[in-house]
Amino acid sequence: MLLATLTAGCATTAPDYRQRLEALPEHYRQFDLVMGWETRVDNEQTLVEGVVQNVRYFLMRDLEIWVALLGPQGKPVQREVSFVIPTDLKLDEIAPFSVRLPMAVKPGDRLRFTYKYRASDGGDGLERGNSWMQSFERVVAPR
């Protein structure tokens with residue numbers, strides 16, 4: 001009985017990242033991962049929080065998510081990173097990320113997201129696996 005209670009207690013306090021992924025207002029889908037996030041301004045800083053899911057590889061390792069605020073000419077004004085934990089993200093696993101930019105974004109500003117990782121399909125090992133980096137941009141929506 002005690003074991004069932006403890007197990008149930010853990011299950012209810014663990015974050016449900018699948019529901020969060022679906023509920024977040026912004027999404028990106030690619031062959032290798034799915035990402036959902038929200039962008040908000042807090043105390044003249046910008047917080048980009050979300051979750052990322054490995055949808056392609058047996059294992060993604062050392063996943064980094066970079067967010068850059070772009071200036072009018074498309075050049076980065078500020079760039080910060082989130083190192084996704086756990087370090088090893090297995091196929092279909094979802095993990096949270098959080099990036100804080102030290103300035104407030106406003107509607108119409110552009111953000112560039114860049115993610116990179118090492119990946120393996122299983123038998124090849126990470127030393128012979130793939131290294132990948134991908135970028136995409138989004139315009140900050142009105143609040």
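The model is a predicted one, so local features are kept at pLDDT of at least 70 and side-chain atom pairs only at pLDDT 80 or more, while totals for chains, interfaces and linings use all residues. Residue numbers start from 1 along each chain as its sequence is written, and side-chain values rest on heavy atoms, with hydrogens and water left out.

To begin with the overall picture, the chain has two helices and nine strands; here helices (H or I, at least four residues) and strands (E, at least two) are DSSP runs, numbered from the N terminus. Reading from the N terminus, the order is α-α-β-β-β-β-β-β-β-β-β. Of the 143 residues, 36% are buried; buried stands for under 20% relative accessible area, exposed for over 50%, and partly exposed for anything in between (1.4 Å probe, protein chains only). Among contacts with a separation of 6 or more, 63% come from residues 24 or more positions apart, a contact being heavy atoms within 4.5 Å.

On to the charges. Searching the whole structure turns up nine salt bridges, each a side-chain nitrogen of Lys or Arg within 4 Å of a carboxyl oxygen of Asp or Glu. One of them joins lysine 116 to glutamate 64, with the closest N and O atoms 3.9 Å apart. Lysine 116 belongs to strand β8 (residues 110–120) and glutamate 64 to strand β4 (residues 59–70), so this pair ties together parts 52 residues apart in sequence. The lysine 116 end is partly exposed at 33% relative accessibility, whereas glutamate 64 is buried at 15%.

Because glutamate 137 sits in strand β9 (residues 130–139) and arginine 110 in strand β8, the pair ties together parts 27 residues apart in sequence. Glutamate 137 is partly exposed at 33%, and arginine 110 is partly exposed at 28%. Lysine 106 and aspartate 109 also meet in a salt bridge, at 3.3 Å from N to O; lysine 106 is exposed at 51%, but aspartate 109 is buried at 15%. Then there is a network of salt bridges, which links Glu38, Arg40 and Glu49.

The rings come next. There are eight aromatic pairs in the structure, where rings of Phe, Tyr and Trp (its six-membered ring) pair if their centres lie within 6.5 Å, with planes under 30 degrees apart called stacked, over 60 edge-to-face and the rest tilted. Tryptophan 37 and phenylalanine 136 make a tilted pair, 5.9 Å centre to centre with 45° between the planes. This pair links distant parts of the chain, as tryptophan 37 is in strand β2 (residues 33–42) and phenylalanine 136 in strand β9, 99 residues apart. Tryptophan 37 is buried at 2%, and phenylalanine 136 is buried at 8%. Both belong to a cluster in which ring pairs link Tyr28, Trp37, Tyr57, Phe113, Tyr115, Tyr117 and Phe136.

Charges and rings also meet head-on. A charge sits over a ring if NZ of Lys or CZ of Arg is within 6 Å of the ring centre and within 35 degrees of the ring normal. Arginine 56 has its charged end over the ring of tyrosine 57, 4.5 Å from the centre, and arginine 79 has its charged end over the ring of tryptophan 66, 4.1 Å from the centre.
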